[in-house]
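Hi,

Here is the structure I promised to pass on.

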Amino acid sequence: MNIDFSVAWQYLPILLEASVMTVILTVLSQTIGTVIGFLMALGRVSAFGWLRTLVGIYVWIIRGTPLLLQLFFVYYAAPAIGVTLDAFPAAIIAMSASSAAYNCEIFRAGIQAVHRGQIEAAQAVGMTYARIVRHIIVPQAMRIIVPPYMSNFISHAKNSSMASVITVQELMLTAQMIYSSTYRAIEILTVTGAIYLFLTSCLTGLQLYLERLTSYEERGLSRRRRRQLLLDRPVIGIAA
């Protein structure tokens with residue numbers, strides 16, 4: 001067996017160009033899925049039973065079926081009801097729907113981890129629901145949400161390779177086309193795997209940064225926040 005990585009080096013610019021499409025596909029669908037997932041999580045913990053049930057059914061269906069099936073459904077089955085989409089928007093819709101379902105449960109766990117007494121205290125002083133979510137729920141839930149959310153983000157990045165089955169010209173499909181014409185599967189797939197590993201390693205680094213950023217007890221208060229709370233002022237006039 002003759003392994004020659006010079007072939008992979010020759011096609012590296014093409015693979016890197018295709019990886020840009022992978023990044024766009026991943027980030028765009030995850031962003032949409034994050035926004036929708038957060039709104040759905042609020043629905044999952046709302047006081048309206050019909051809304052909790054509706055969101056719960058959606059999460060149950062999407063999490064219970066594979067992403068590959070959802071991609072096929074949006075791209076191949078949707079035209080039967082008059083909805084015809086190009087490969088890229090079809091992939092965005094399917095991947096965003098999948099991301100939203102998983103993110104919904106992650107966000108719900110973080111929201112429900114915030115003690116109910118804090119929310120009731122905020123309501124007692126007249127805070128609106130939007131301010132409670134922004135100033136009380138989200139800052140505390142972030143510490144719980146970050147690890148599973150970023151793990152889901154990493155899995156989402158790898159699952160973007162499934163978009164190749166509906167002809168989205170991303171990294172995996174490009175690699176398949178190259179080794180089909182060069183018969184250098186080992187070299188091309190090795191380089192492709194290295195690119196995926198680099199992308200997921202960047203997300204892992206982002207996860208570690210966000211975990212440190214939300215570790216309030218370990219970091220302590222910033223100097224700016226301490227000045228706002230007047231914690232740095234000398235204590236005078238206190239009898240021994």
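Below is what turned up, starting with the ground rules.

This is a predicted model, where local features need pLDDT of at least 70, side-chain atom pairs count only at pLDDT 80 or more, and totals for chains, interfaces and linings use all residues. Residues are numbered from 1 along each chain as its sequence is written, and side-chain values use heavy atoms, with hydrogens and water left out.

(Helices are DSSP runs of H or I, at least four residues, numbered from the N terminus.) Leaving aside neighbours within four places in sequence, Tyr-149 is in contact (heavy atoms within 4.5 Å) with Gln-30, Thr-34, Asn-103, Ile-106 and Phe-107.

Next, a helix pair. The axes (lines fitted to C-alpha atoms over the stretch in contact, with angles from 0 to 180 degrees between N-to-C directions) of helix 5 (residues 116-124) and helix 6 (residues 129-159) come within 11 Å and cross at roughly 165°. That makes the two roughly antiparallel, a label for angles over 145 degrees. Gln-118, Ile-119, Ala-122 and Gln-123 of helix 5 meet Ile-132, Ile-136, Ile-137 and Gln-140 of helix 6.

Lastly, Ser-161 sits in the loop between helix 6 and helix 7 (171-182). Ser-161 counts as buried because its relative accessibility is 18%.

Cheers

Conventions. Angles under 35 degrees count as roughly parallel, over 145 as roughly antiparallel, 65 to 115 as roughly perpendicular and the rest as oblique. Buried means under 20% relative accessible area, exposed over 50%, partly exposed in between (1.4 Å probe, protein chains only).
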